[in-house]
Amino acid sequence: MNEQDIPIDIAVRKLLDWLISRRICSRDWHEKAVKIRENIGEAMQDMPENEAMKELLLGTHINYFHCQKIVDILKETEADSKNFFGQYGSKRMKDWKQIISDYEQGDVYLAESAQILTQNVVYEVPGLKKHVQKLENLQADLERKEENSKKRIIEIEEEFRKDCSNLGIQGEKLKTEIISLARHLPETYSDIAENSVGLKEACNLYQDFLHANMDEGVELQVLENLRFLIEHGNVTTYEWKYGEKPISVEEPVLQFNEGDDDNAESGAGEIDFGDDGGEIDFGDDAGEIDFGDGEIDFGDSGAEIDFGGETIDFDIEGVDTSNITVEEGGLAGGVAKEEEALSLLDNRRTRTIIIDELEELSGFLTQRLCETESENIKFTIGSGTQNHDPQTLRSNINSVDSLIHRLTEAKIQQLQMIRDSPAYADRLANTLKQKLKLKVKVSSGIEDLQMRRNNAAEEILQVREQIQTLMKKNRILQEQIEKDISRRYKGRIVNLSGV
């Protein structure tokens, strides 16, 4: 096989060592290259205005092969300085030809080109690719965070709608709607009291059962507060307490701060202290109080007071009392104030008592239903022989539990807390507003994530363009090095691997 047909394969990582080991380049090439780079820097200060020159030098690390192209361009731009012997008198041309000559001495250009190619292939391109990978990971992470933030906004909106739904408000003007519900709570209690009339049968059933299992002559008050509500309705605590209606009711006034926080302006309504330079006039105009120099005359003249010598007559039998009206004593004609002015269900104490009695009634009915439907039960709550219809028991249980639910549901409890403490309306409204503020905060976070994601996408495009440009230059430099080495080995094929 002919020697020229055998290709020369060189790994790009070992290209510089291969050139030095073959004595093509010297080991001190770098010191010479530094001086050449200084000369290139000085020559770059004086370059002609030429589009081809600008395109060649744009973002490029100048090497030997670029210097050859610069000289070719200068042959056109500096043609006027060419003399009869074909030499150029232009300083630009002399400088660049000298740079090429310095490069060719000791084949410095080949060592420098090998180093540039190795640097680009081993470090620059992989580094840019890793940067692209990092940006892609960042982009994916930002997309995931953006998706989670969008889900979080949906969750916040659902929580807000659920809380508003539980309160029975629209959520447009939170504080106004909450206060309106609290003010209409007595109407809700009146409706509950009307529905409690249907529990009379269950109360009688419970009372009859207890009386049937008690000794004769034993009197037992059963569910007396619940019965009072059923018979009299949601009357005042005064009537429940004293057994008679008051002449007048002075209901506690609920002072709500109905100012809408959303439309409130900060700094409004400041106190005017009248700081206009005026001073308080104390009347210190040298005038003094005149107390007078005379003495008080108490009339001590020795005379005595005449009380009269007649005796008072206490005989009132002859007085006409036909026009005198005597009012009733005791509590009759009283005025319901403060807690006594509240209705039974609006009063926390009486409402709790009624709820306890409802729970007691529900427990009894549930147990009786269990005993009625079970044949093998060993223990019962009574020894009587009363039989209760299961269907009637179920109906009564549903009615009792429905009333308990209406009195203990979260909406009623919160509205009652507002009536007990009007400041709670502010806290409740602020709690709901915090969710709206959190939604705005998360939304602004999404905008920031989108901006960062877009910036990462733009940077990815820019870095990929850099990679393409650098790889294109690497291929050109690879071909130039391969041709130069091939020329030294009688035209043998040279392959630089790993580029």
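Lys 490 is exposed, with a relative accessible area of 67%. Here exposed means over 50% relative accessible area, buried under 20%, and partly exposed in between, for a 1.4 Å probe and protein chains only. The model is predicted, so local features need pLDDT of at least 70 and side-chain atom pairs count only at pLDDT 80 or more, while totals for chains, interfaces and linings use all residues. Residues are numbered from 1 along each chain as its sequence is written, and side-chain values use heavy atoms, with hydrogens and water left out.

Lys 490 sits in the loop between α15 and β4 (494-497). Helices (H or I, at least four residues) and strands (E, at least two) are DSSP runs, numbered from the N terminus. Lys 490 has a positive phi of about 55°, although it is not a glycine. Arg 23 is not a glycine either, and has a positive phi of about 60°. This arginine lies in the loop between α1 (15-21) and α2. Arg 23 counts as exposed, at 77% relative accessibility.

The protein chain holds 15 helices and four strands. Of its 499 residues, 34% are buried. Contact means heavy atoms within 4.5 Å. Among contacts between residues at least 6 apart in sequence, 76% join residues at least 24 apart.

The largest nonpolar core has 49 residues. Such a core is a set of buried Ala, Val, Leu, Ile, Met, Phe, Trp, Tyr and Cys residues joined through side-chain atoms within 4.5 Å. Those with the most contacts inside this core are Ile 178, Leu 226, Leu 358, Leu 361, Leu 365 and Ile 418. Helix α12 (residues 348-373) gives the most to the core, with seven residues. In soluble globular proteins, nonpolar side chains tend to be buried together.

Helix α7 (residues 174-183) includes Ile 178 among its buried residues. Leu 174, Lys 175, Glu 177, Ile 179 and Ala 182 of α7 are buried too. The buried residues of α7 pack against α6, α8 (185-195), α14 (410-420) and α15 (423-488). With α14, the packing angle is about 90° and the axes are 9 Å apart. Axes are lines fitted to C-alpha atoms, for helices over the stretch in contact, and angles run from 0 to 180 degrees between N-to-C directions. That makes α7 roughly perpendicular to α14. Angles of 65 to 115 degrees count as roughly perpendicular, under 35 as roughly parallel, over 145 as roughly antiparallel and the rest as oblique. Ile 178, Leu 181, Ala 182 and Arg 183 of α7 make the contact with Lys 411, Leu 415, Ile 418 and Arg 419 of α14. By class, this contact of α7 with α14 has five nonpolar, no polar and three charged residues. Ala, Val, Leu, Ile, Met, Phe, Trp, Tyr, Cys and Pro count as nonpolar, Asp, Glu, Lys and Arg as charged, and the others, Gly among them, as polar.

Helix α2 (residues 29-43) packs with helix α5 (residues 91-104) at an angle of about 165°, with their axes 10 Å apart. That makes α2 roughly antiparallel to α5. On the α2 side, Ile 36, Arg 37, Asn 39, Ile 40 and Ala 43 take part. They meet Asp 95, Trp 96, Ile 99, Asp 102 and Tyr 103 in α5. The residues of the contact of α2 with α5 divide into six nonpolar, one polar and three charged.

Helix α6 (residues 108-167) also packs with α2, at an angle of about 90° and with the axes 10 Å apart. The two helices α2 and α6 are therefore roughly perpendicular to each other. From α2, Trp 29, His 30, Lys 32, Ala 33, Ile 36 and Arg 37 make the contact, and from α6, Val 108, Ala 111, Glu 112 and Gln 115. The residues of the contact of α2 with α6 divide into five nonpolar, two polar and three charged.

Ile 70 lies in helix α4. Its relative accessible area is 0%, so Ile 70 is buried. Leaving aside neighbours within four places in sequence, Ile 70 is in contact with Met 47, Met 53, Leu 56, Leu 57 and Trp 96. The C-alpha atoms of Ile 70 and Met 93 are separated by 9.1 Å, at 23 residues apart along the chain. Asp 72 is also found in α4 (residues 64-77). Asp 72 is partly exposed, with a relative accessible area of 43%. Asp 72 and Met 93 are 21 residues apart in sequence and 9.7 Å apart in space, C-alpha to C-alpha.
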